[in-house]
Amino acid sequence: MAAGDGMMARQRAIVQDLKERGFVSTTELAAKHDVSDMTIRRDARRLTALGAVRSVHGGLMLPHGTMHGAGFAARAGEDADAKQAIAAACNSLIDVDERVFIDAGTTTYAVARSLRTRFSGTLITHSAPVMQIALQLPNATTISLGGQLLHDSQAFVGSMAIDNLAGLRAETAFVGVAGIDEEGLYIERNLERATKRAIMAAADHVVLVATSSKMGRTDLVRLAGLREVDTLVTEAAPPRPIADALDAEGVEVVVADRLP
């Protein structure tokens with residue numbers, strides 16, 4: 001197992017422990033995973049930055065009032081550094097008084113977490129975890145789309161969410177996917193497709209956020225063609241075939257710097 005895979009597996013296990021027990025000490029985690037206390041503290045910093053855990057004296061516990069399911073929290077810990085870098089780059093694209101859609105997903109959740117408390121624009125979302133972030137944005141106007149809740153993705157979808165989009169318009173939509181290849185964008189299931197496409201259609205500028213691990217991957221459902229995206233923000237240059245396809249469709253590619 002590669003070192004990065006081991007780190008992600010350990011972080012998923014830490015989140016699962018917290019889901020089952022509520023609190024786990026740093027010393028206990030270090031012993032359980034046969035790593036140093038310093039390694040656990042690094043894990044804690046990554047998971048805290050993603051909102052999956054809360055650091056307290058002597059260990060870790062779940063954030064107060066968390067709405068995350070165990071699956072969502074575990075996925076949030078995957079490619080954590082890449083997601084934070086992408087989020088920081090996206091934050092620089094957002095004006096303080098802008099209207100933004102933020103899609104459901106762990107990378108888009110990282111974008112929401114990057115918003116500063118001075119953000120005074122309008123945040124529109126169908127993501128339960130993003131709604132929780134909105135509670136920390138006192139100057140923002142938040143609009144929840146509502147709909148049918150999918151527990152694993154923590155997303156509200158369906159006709160109610162789409163109906164509530166009617167008449168709304170935002171300058172920017174941040175959208176996540178499960179995979180990208182030369183032909184287009186892919187997601188895991190059809191239940192989410194209509195809501196995602198409605199969000200994309202209601203924005204002047206569509207920003208796709210995707211880690212390099214999504215490149216060259218497909219999934220069950222084709223969401224859209226590359227031409228339906230204006231900008232891709234990722235943490236590493238896409239493979240040449242995908243880069244060429246993006247260029248042919250006029251998609252701007254922003255490669256975020258990894259955070260120190």
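**Exercise 1.** State how strands β4 and β5 pair, and over how many bridges.

*Solution.* Strand β4 covers residues 99-102 and strand β5 covers residues 122-125. Strands here are DSSP runs of E with at least two residues, helices are runs of H or I with at least four, and both are numbered from the N terminus. Two strands pair if DSSP finds at least two bridges between them. β4 and β5 are joined in the parallel sense over four bridges. Within this pair, Arg-99 stands opposite Thr-122 in β5.

The model is predicted: local features need pLDDT of at least 70, side-chain atom pairs count only at pLDDT 80 or more, and totals for chains, interfaces and linings use all residues. Residues are numbered from 1 along each chain as its sequence is written, and side-chain values use heavy atoms, without hydrogens and water.

**Exercise 2.** Give the strand order of the open sheet and name its edge strands.

*Solution.* The order of the seven strands is β6-β5-β4-β9-β12-β14-β15, with parallel pairing. The edges are β6 (141-144) and β15 (252-255), each of which pairs on one side only. From one strand to the next, the twist averages 20°.

**Exercise 3.** Find which strands helix α6 touches.

*Solution.* Helix α6 (residues 106-114) packs on the sheet and touches β4, β9 (170-176) and β12 (203-209); contact means heavy atoms within 4.5 Å. The direction of α6 makes about 135° with that of β9. Such angles run from 0 to 180 degrees between N-to-C directions, with axes fitted as lines to C-alpha atoms, for helices over the stretch in contact.
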